[in-house]
Amino acid sequence: MFKYLKIGEGITLDKVLMVIGGLAGFIFGGWHELMGVLLVIQGLDIITGILVGVKNKEVSSKEMRLGLIRKVGVWILVIFAHMLDIVLFKGSMVAQMSILFAFIGQEGLSLTENLGNLGIIVPESVSQYLAQVKNKSANKSEEE
């Protein structure tokens with residue numbers, strides 16, 4: 001299907017996707033489920049953050065821009081952690097897993113805070129679990 005969608009002379013969508021996949025495989029070491037989890041939680045955090053801003057009539061493009069920059073910074077750190085894993089841990093996902101757990105916990109806590117600000121009751125056990133996920137990476141880093 002994708003090979004019939006031409007983008008330019010000799011360039012088809014399947015070739016573009018192959019290059020993107022190869023690049024993602026190199027910079028991330030492949031796609032792990034936790035990366036998908038982090039991406040979804042970041043998206044939900046952005047959406048709920050906007051909803052909180054609308055509710056409080058405090059929507060700020062500057063704050064939103066800074067938040068998006070921070071989220072991009074998280075992904076730069078995930079890439080950096082993969083490079084550290086290559087150099088220090090022979091490709092084992094030690095640093096990258098720690099980073100992913102830490103930011104899943106952090107983004108999850110931010111998401112639950114936003115939901116609370118919207119008047120949605122979030123069970124305390126969920127917040128405690130997210131804090132444990134975030135702390136798991138700190139404990140794992142100390143053990144290494």
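## Salt bridges around Lys71

In this predicted model, Lys71 forms a salt bridge with Glu107, and the closest N and O atoms of the two are 2.7 Å apart. Because Lys71 lies in helix H3 and Glu107 in helix H4, this pair ties together parts that are 36 residues apart in sequence. Lys71 and Glu107 are both buried.

Lys71 also meets Asp45 in a salt bridge between their side chains, with an N to O distance of 2.8 Å. This second pair again links distant parts of the chain, since Lys71 belongs to helix H3 and Asp45 to helix H2, 26 residues apart. Asp45, like Lys71, is buried. The count of salt bridges comes to two, and Asp45, Lys71 and Glu107 are linked in a network of such bridges.

Gln42 is found in helix H2, which spans residues 33–55. The relative accessibility of Gln42 is 4%, and the residue therefore counts as buried, the cut-off being under 20%.

When residues up to four places away in sequence are not counted, Gln42 touches Lys71, Val74, Trp75 and Glu107. Two of these contacts, Lys71 and Glu107, belong to the salt-bridge network with Asp45. Another of them, Trp75, belongs to an aromatic cluster with Phe28 and Trp31.

## The aromatic cluster

The count of aromatic pairs comes to three. In one of them, the ring centres of Phe28 and Trp31 are 5.9 Å apart and the planes stand at 85 degrees, so the pair is edge-to-face, a class that requires an angle over 60 degrees. Phe28 has 11% relative accessibility and therefore counts as buried. Trp31, at 51% relative accessibility, counts as exposed because the cut-off for that class is over 50%.

Phe28 also pairs with Trp75, again edge-to-face, at 5.7 Å centre to centre and with 90 degrees between the planes. This pair links distant parts of the chain: Phe28 is in helix H1, residues 13–28, whereas Trp75 is in helix H3, and the two are 47 residues apart. Both Phe28 and Trp75 are buried. Phe28, Trp31 and Trp75 form one aromatic cluster.

## The largest pocket

The largest pocket has a volume of about 660 Å³. Its lining is made up of 24 residues, and those nearest the pocket centre are Asp45, Gly49, Glu63, Met64 and Gly67. Asp45 is also the residue whose side chain meets that of Lys71 in a salt bridge.

Helices H2, H3 (61–88) and H4 (95–117) each supply at least two residues of the lining. Helix H3 provides the largest share, with eight residues. By residue class, the lining of the largest pocket divides into eight nonpolar, nine polar and seven charged residues.

## Links between the helices

The pairs described above connect several helices. Lys71 of helix H3 is joined to Asp45 of helix H2 and to Glu107 of helix H4. Trp75, also in helix H3, is paired with Phe28 of helix H1. Gln42 of helix H2 touches both Lys71 and Trp75.

Methods
Residues are numbered from 1 along each chain as its sequence is written. This is a predicted model: local features need pLDDT of at least 70, side-chain atom pairs count only at pLDDT 80 or more; totals for chains, interfaces and linings use all residues. Side-chain values use heavy atoms; hydrogens and water are left out. Helices (H or I, at least four residues) and strands (E, at least two) are DSSP runs, numbered from the N terminus. Buried means under 20% relative accessible area, exposed over 50%, partly exposed in between (1.4 Å probe, protein chains only). Contact means heavy atoms within 4.5 Å. On a 1 Å grid over the protein atoms alone, a cavity is a set of points where a 1.4 Å probe fits but cannot get out, and a pocket is an open set with protein on both sides within 12 Å along at least five of seven lines; lining residues have an atom within 4 Å of a point. Grid points are joined across faces, edges and corners, and a volume is the space filled by probe spheres set on the points. Ala, Val, Leu, Ile, Met, Phe, Trp, Tyr, Cys and Pro count as nonpolar, Asp, Glu, Lys and Arg as charged, and the others, Gly among them, as polar. Rings of Phe, Tyr and Trp (its six-membered ring) pair if their centres lie within 6.5 Å; planes under 30 degrees apart count as stacked, over 60 as edge-to-face and the rest as tilted. A salt bridge is a side-chain nitrogen of Lys or Arg within 4 Å of a carboxyl oxygen of Asp or Glu.
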